[in-house]
Amino acid sequence: MRPDEAGATGEDGEPGPPGELSPAARRLYAYAVERHSFDAAEATGALGVRAATAITELAAAHLLQRAPGAGPERWSAVAPRAAAARALAPLALLVRETHDEMDRLRGRLEALVPAYEAGTAHRDLSTSGRLELVTDLGAVRGLITELVAACDRELLTSQPGGGRPLETLEEAIGRDESLLARGVRMRTIYQHTARYSRPTAAYVERVTALGAQVRTLGDGLMRMLVFDGHTGLMSVPERSGAALVVREPNVVHFMTAAFERSWLGAEPFPTSVSPDAARSISDELRQTIVRLLSEGLEDKVIARRLGMSERTCQRHIAEIMRAVGAKSRFQAGYLLGPPAVPAAPAPPDPGAGS
């Protein structure tokens, strides 16, 4: 190390902490404030090391300045507050310019508020603004996040299809826990088959601990969400990942009423299924399969309606047919269907004997 670098690192050759003055610069500043002016040679003689680097360091920090009227090689100390004002002046200017640009940008954007409000008012009066088809799955997820964040009273969700995928539950859990923590009421209906999904049961256990209510139903669910009774999302048949956004009050009212009817017939979702409960649910599923068989529905349609795989559905159908000795699916539905009620005899004709 050169002797004139001692001021930057200190006499022991160790640099000072980043952003702080070196020990040599501190000693030189203490020396400078005790006199009106000094030059490098005087400081070097007083401090015992060459002071050129320490002078450069203090000048860069605005703590030294050329002594006025004393020649270009003489220096004088600057008060720390004055040095801070000089050092911060460019930053203060940048802050003022940034604030001015922010104000200009805000003004340009706020000038569009009247046009936006007039446009949305016109849109809300038309049916096109009340029904919106969103076909991109990412956009649907973003919209759900936005609506959940704005929800402040109640969220209703109806989720057919059995157990939900793990990645879907992981995406939903944080959002739903935040919703419940705000005191928003949340009610969800799944199909009975969701009870046998471990990820779904774990999710239900977490949200019910925060106050959510979850029930299950065998059949008849439509996939939908209703936010605060004024905005609804429903699935679009044959368009996976798409959603219809509903803001028409009458349609949202219909969606809410359909949910409430399903809710009344649904059963609480237990986080653990006992053998007796499993048999009970299994019997109900089989009864539903029988009913759908009697309607002539195909296996894949029945499986989709009940939220189970087609293979599982076919296994249930085969067991039902063996149990009743049916040779066809329709015959099984007929044999296990409700017995026909005989027609009541016609009342006698009062005038028959006259």
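1. Let's start with leucine 58, which is buried because its relative accessible area is 0%, under the 20% that marks a buried residue. Bear in mind as you read that this is a predicted model. You will find leucine 58 in helix α4. If we leave aside its neighbours within four places in sequence, leucine 58 is in contact with Leu21, Ala25, Leu28, Tyr29, Leu63 and Leu64.

2. How do α2 and α4 lie relative to each other? The axes of α2 (residues 23-33) and α4 (residues 52-60) come within 9 Å and cross at roughly 80 degrees. Angles of 65 to 115 degrees count as roughly perpendicular, and α2 and α4 are therefore roughly perpendicular to each other. On the α2 side, the contact is made by Ala24, Ala25, Leu28 and Tyr29, while α4 brings Ala54, Ile55, Glu57 and Leu58.

3. Now follow the chain out of α4. Histidine 62 sits in the loop between α4 and β1 (64-66). Its phi is near 65 degrees, a positive value in a residue other than glycine. That deserves a second look, because most residues other than glycine have a negative phi. Histidine 62 counts as partly exposed, because its relative accessibility is 29%.

4. Is aspartate 228 buried or exposed? With a relative accessible area of 8%, aspartate 228 is buried.

5. Next, the nonpolar cores. The largest one has 28 residues, and Tyr203, Phe227 and Leu233 have the most contacts inside it. At least two residues of this core come from each of α7 (137-150), α8 (166-181), β5 (185-191), α9 (198-209), β7 (224-227) and β9 (243-246). The largest share, five residues, is supplied by α7. There is also a second, separate core of 17 residues, and Ala54, Leu63, Leu64 and Trp75 are among them.

6. Apart from neighbours within four places in sequence, tyrosine 203 is in contact with Leu169, Ile173, Asp176, Met186 and Tyr190.

7. Just after the helix, glycine 183 takes a positive phi of about 90 degrees.

8. Which residues of α8 are buried? They are Leu169, Ala172, Ile173, Arg175, Asp176, Leu179 and Leu180. As you look at their spacing, remember that an α-helix has 3.6 residues a turn, so residues three or four places apart point the same way. The buried residues of α8 pack against α7, β4 (154-159), β5 and α9.

9. The axes of α8 and α9 are 10 Å apart, at an angle of about 5 degrees. Angles under 35 degrees count as roughly parallel, and α8 and α9 are therefore roughly parallel to each other. In this contact, α8 uses Leu166, Leu169, Ile173, Asp176, Glu177 and Leu180, and α9 uses Pro199, Thr200, Tyr203, Arg206 and Val207.

10. Proline 199 gives a residue's view of that contact. This proline is found in helix α9 and is partly exposed, with a relative accessible area of 33%. Neighbours within four places in sequence aside, proline 199 is in contact with Leu166 and Leu169. Leucine 169 is 30 residues from proline 199 along the chain, yet their C-alpha atoms are separated by 7.6 Å.

11. Finally, step back to the whole chain. The protein chain has 14 helices and ten strands. Of its 354 residues, 34% are buried. Among contacts with a separation of 6 or more, 64% are between residues 24 or more positions apart.

Key. Residues are numbered from 1 along each chain as its sequence is written. This is a predicted model: local features need pLDDT of at least 70, side-chain atom pairs count only at pLDDT 80 or more; totals for chains, interfaces and linings use all residues. Side-chain values use heavy atoms; hydrogens and water are left out. A nonpolar core is a set of buried Ala, Val, Leu, Ile, Met, Phe, Trp, Tyr and Cys residues joined through side-chain atoms within 4.5 Å. Buried means under 20% relative accessible area, exposed over 50%, partly exposed in between (1.4 Å probe, protein chains only). Helices (H or I, at least four residues) and strands (E, at least two) are DSSP runs, numbered from the N terminus. Contact means heavy atoms within 4.5 Å. Axes are lines fitted to C-alpha atoms, for helices over the stretch in contact, and angles run from 0 to 180 degrees between N-to-C directions. Angles under 35 degrees count as roughly parallel, over 145 as roughly antiparallel, 65 to 115 as roughly perpendicular and the rest as oblique.
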